[in-house]
Amino acid sequence: MDDPRPTTQGAEPALVIRGLVKRFGDKVAVSGLDLDVPSGSFFGLVGPNGAGKTTTLSMATGLLRPDAGEIRLHGVDVWHDLVETKKLVGILSDGVRLFDRLSGIQLVTYAGLLGGLPREVVAERAADLLQLLDLESAGGTLVVDYSAGMTKKIALACALVHAPRLLVLDEPFESVDPVSAANIRDILDGFVSSGGTVIVSSHAMDLVQRMCDHVAVIAEGRVLASGTTDAVRDGSTLEDRFVELVGGRRSGGGPEWLRHS
Ligand SMILES: Nc1ncnc2c1ncn2[C@@H]1O[C@H](COP(=O)(O)OP(=O)(O)OP(=O)(O)O)[C@@H](O)[C@H]1O
């Protein structure tokens with residue numbers, strides 16, 4: 001009763017990360033990272049190559065065991081209750097490897113059955129998702145024969161079929177044509193306005209600025225800034241603020257041998 005915030009930004013955050021650490025040999029990929037993702041937010045995670053975004057999201061969704069730290073997903077301690085975690089979260093990874101000798105409809109059906117849904121419910125949801133993602137006519141085609149954008153869309157259908165509360169998307173618009181991207185954005189907006197939470201990891205700053213109401217900038221395994229997108233960009237574009245926070249921009253026009261005039 002103490003918390004006056006509206007329900008979409010309700011008392012229980014979708015994701016709370018404290019003191020997260022992951023090392024790969026001598027390399028510290030994630031270095032004591034703290035993050036709060038409000039429930040009902042459209043959250044952008046941005047950072048330079050190798051910043052630790054994928055590693056963080058893999059640990060947050062129960063795919064990679066942390067060396068230290070605590071992760072709570074809608075109050076569930078991820079690494080103590082992986083079964084509950086899998087029910088709560090839908091994941092679309094970049095470069096995801098799918099069972100591509102299945103047709104699109106078979107793949108979504110497989111994902112739904114794996115999520116413990118009854119066969120009739122899966123059939124209904126798979127048909128809805130294929131229609132929503134404009135893949136109806138490709139439902140019987142093997143996924144190996146899909147284009148990159150179609151593959152991304154069928155992977156999104158797989159991530160959505162068990163109606164997760166949190167959707168985690170790594171570069172969801174890469175290789176997707178503008179019309180399909182707009183459709184996916186509408187689906188994600190609908191998902192958020194009906195109480196779901198979306199975390200998008202992307203290098204497309206203008207897109208993150210337009211789509212996401214919250215954003216975190218991470219570099220070298222730590223959060224440099226986090227909050228509402230407007231607060232983080234602080235009057236600049238997100239891209240300018242990112243460059244300012246992260247630094248490392250090189251000046252000059254490249255090596256002499258690359259110049260033709
Ligand atoms: N399995 C692994 N083995 C060894 N090092 C790894 C492994 N996975 C990630 N790393 C290292 O950890 C660091 C963080 O990688 P990560 O993939 O999380 O970064 P990222 O922010 O997602 O980068 P990008 O934007 O380029 O996808 C990098 O230095 C990477 O080389």
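User: Is Asp134 buried, exposed or partly exposed, and what is the reason?
Analyst: This is a predicted model. In it, Asp134 counts as partly exposed because 14 C-beta neighbours lie inside 10 Å; buried would take 20 or more, and exposed 12 or fewer.

User: Where does Asp134 lie?
Analyst: Asp134 is in the loop between α4 and α5.

User: What about its phi?
Analyst: The phi of Asp134 is positive, near 60 degrees, and the residue is not a glycine. Most residues other than glycine have a negative phi.

User: Which other non-glycine residue has a positive phi?
Analyst: Glu171 is one, with a phi of about 45 degrees. Glu171 sits in the loop between β7 (166-170) and α6 (178-193).

User: How many C-beta atoms are around Glu171?
Analyst: There are 19 others within 10 Å, so Glu171 is partly exposed. The cut-off for buried is 20 or more.

User: And Pro164, buried or exposed?
Analyst: Pro164 counts as buried, because it has 20 C-beta neighbours inside 10 Å. Pro164 belongs to the loop between α5 and β7.

User: What does Pro164 touch?
Analyst: Leaving out residues up to four places away in sequence, Pro164 touches Leu88, Val89 and Gly90.

User: How do β3 and β8 run relative to each other, parallel or antiparallel?
Analyst: Strands β3 (residues 42-46) and β8 (residues 197-201) run parallel and are joined by four bridges. Gly44 is opposite Val200 of β8.

User: Now α3. Which residues in it are buried?
Analyst: In α3 (residues 104-114), the buried residues are Gly104, Ile105, Leu107, Val108, Thr109, Ala111 and Gly112.

User: What covers them?
Analyst: The cover includes α4 (119-132) and α5 (148-160).

User: At what angle do α3 and α5 pack?
Analyst: The angle is about 25 degrees, and the axes are 8 Å apart. That makes α3 roughly parallel to α5, since angles under 35 degrees count as such.

User: Right-handed or left-handed crossing?
Analyst: α3 and α5 cross in a right-handed sense.

User: Which residues meet there?
Analyst: From α3, Gly104, Leu107, Val108 and Ala111 meet Ile154, Ala157 and Cys158 of α5. By class, the contact has six nonpolar residues, one polar and no charged.

User: Why would positions with that kind of spacing point the same way?
Analyst: An α-helix has 3.6 residues a turn, so residues three or four places apart point the same way.

User: What follows α3?
Analyst: Gly116 follows α3, and its phi is positive, near 85 degrees.

Note on methods: Residues numbered from 1 in each chain as written. Predicted model: local features only at pLDDT ≥ 70, side-chain atom pairs only at ≥ 80, totals over all residues. Helix = DSSP H or I, 4+ residues; strand = E, 2+ residues; numbered from the N terminus. Contact = placed C-beta atoms within 7 Å. Pairing = 2+ DSSP bridges. Axes fitted to C-alpha atoms, helices over the stretch in contact; angles between N-to-C directions. Parallel < 35°, antiparallel > 145°, perpendicular 65-115°, else oblique. Left-handed = near helix turned anticlockwise from the far one by under 90°. Nonpolar A, V, L, I, M, F, W, Y, C, P; charged D, E, K, R; others polar.
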